[in-house]
Amino acid sequence: MAGIRNGRPYRRLVAAQRALGLPCWICGHNIPVNVDCRRHPLAFTLDHEVPLSKGGSLLDPDNARSAHRRCNSARGNRTTLRVQQRVSRRW
C-alpha cells in the first residue's frame with residue numbers, strides 16, 4: 001500500500017485538499033502556506049478521518065482532512081479527536 005501513496009491519484013488528492021486552504025481539522029488553527037519543509041511540525045499533511053488501519057479509504061475525498069504534521073502524528077490511528085487539557089502542576 002505504501003507505493004499507492006506515491007501514485008498520481010494520491011498526489012492529486014493531496015493537492016486538491018491543500019488548495020482548499022482549510023485549517024487543521026484537529027486543532028482548528030490555520031496551516032501556514034509558507035512552510036517549505038515537509039518535516040516541519042506545522043507543515044500541511046493529509047489526514048484521514050477514518051484511519052487507514054481502521055478501514056478508511058486512502059483515496060476517498062470524503063475521508064481526507066487537512067492537518068498539521070504534529071497534530072496528525074499525535075492523533076495516530078485514533079478515531080476520536082479528544083484534545084487533552086494541560087493541567088497545572090500547582091495544587
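Among contacts in the protein chain between residues at least 6 apart in sequence, what percentage join residues at least 24 apart? The figure is 64%, where a contact means heavy atoms within 4.5 Å. Before going on, a word about where these values come from. This is a predicted model, so local features need pLDDT of at least 70 and side-chain atom pairs count only at pLDDT 80 or more, while totals for chains, interfaces and linings use all residues. Residues are numbered from 1 along each chain as its sequence is written, and side-chain values use heavy atoms, with hydrogens and water left out.

Let's start with the overall layout. The protein chain has two helices and two strands, and reading along the sequence gives the pattern α-β-β-α. Helices (H or I, at least four residues) and strands (E, at least two) are DSSP runs, numbered from the N terminus. Of the 91 residues in the protein chain, 26% are buried. Here, buried means under 20% relative accessible area, exposed means over 50%, and partly exposed is in between, using a 1.4 Å probe and protein chains only.

Now look at the two strands. Strand 1 and strand 2 run antiparallel, and five bridges join them; two strands pair if DSSP finds at least two bridges between them. You can pick out some partners by eye: leucine 46 is bridged to serine 66 in strand 2, and aspartate 47 has arginine 65 as its bridge partner there. Strand 1 is mostly covered, with five of its five residues buried. Which residues of strand 1 lie on one side, and which on the other? Phe44, Leu46 and His48 are on one side, Thr45 and Asp47 are on the other, and all are buried. Strand 2 is mostly covered too, with four of its five residues buried.

Next comes the core. In soluble globular proteins, nonpolar side chains tend to be buried together. A nonpolar core is a set of buried Ala, Val, Leu, Ile, Met, Phe, Trp, Tyr and Cys residues joined through side-chain atoms within 4.5 Å. The largest one here has twelve residues: Tyr10, Leu13, Val14, Cys24, Ile26, Ile31, Phe44, Leu46, Leu58, Ala64, Ala67 and Cys71. Helix 1 (8-19), strand 1 (44-48) and strand 2 (64-68) are the elements that give two or more residues to this core, and helix 1 gives the most, with three. Take phenylalanine 44 as an example: leaving aside neighbours within four places in sequence, phenylalanine 44 is in contact with Val14, Gln17, Arg18, Ile31, Ser66 and Ala67.

Helix 1 also holds alanine 15, which counts as partly exposed at 46% relative accessibility. Alanine 15 and leucine 46 are 31 residues apart in sequence, yet their C-alpha atoms are 9.4 Å apart in space.

Follow the chain out of helix 1 and you reach proline 32, in the loop between helix 1 and strand 1. Buried or partly exposed? Proline 32 is partly exposed, because its relative accessible area is 27%. Not counting residues up to four places away in sequence, proline 32 touches Leu42 and His68. The C-alpha atoms of proline 32 and leucine 42 are separated by 7.0 Å, with the two residues ten apart along the chain.

Over in helix 2 (residues 69-75) you'll find asparagine 72, which counts as buried because its relative accessibility is 17%. A polar atom of the asparagine 72 side chain lies 3.5 Å from the backbone oxygen of leucine 46. That is a polar contact: a pair of N or O atoms within 3.5 Å, where within protein one must be able to donate a hydrogen and the other to accept it, and residues adjacent in sequence count only if both atoms are side-chain atoms. Beyond residues up to four places away in sequence, asparagine 72 touches Ile26, Thr45, Leu46, Asp47 and Ala67.

Arginine 75 is in helix 2 as well, and at 5% relative accessibility arginine 75 counts as buried. A polar atom of its side chain lies 3.0 Å from the backbone oxygen of arginine 78. With residues up to four places away in sequence set aside, the residues that arginine 75 touches include Trp25, Asp47, His48 and Leu81.
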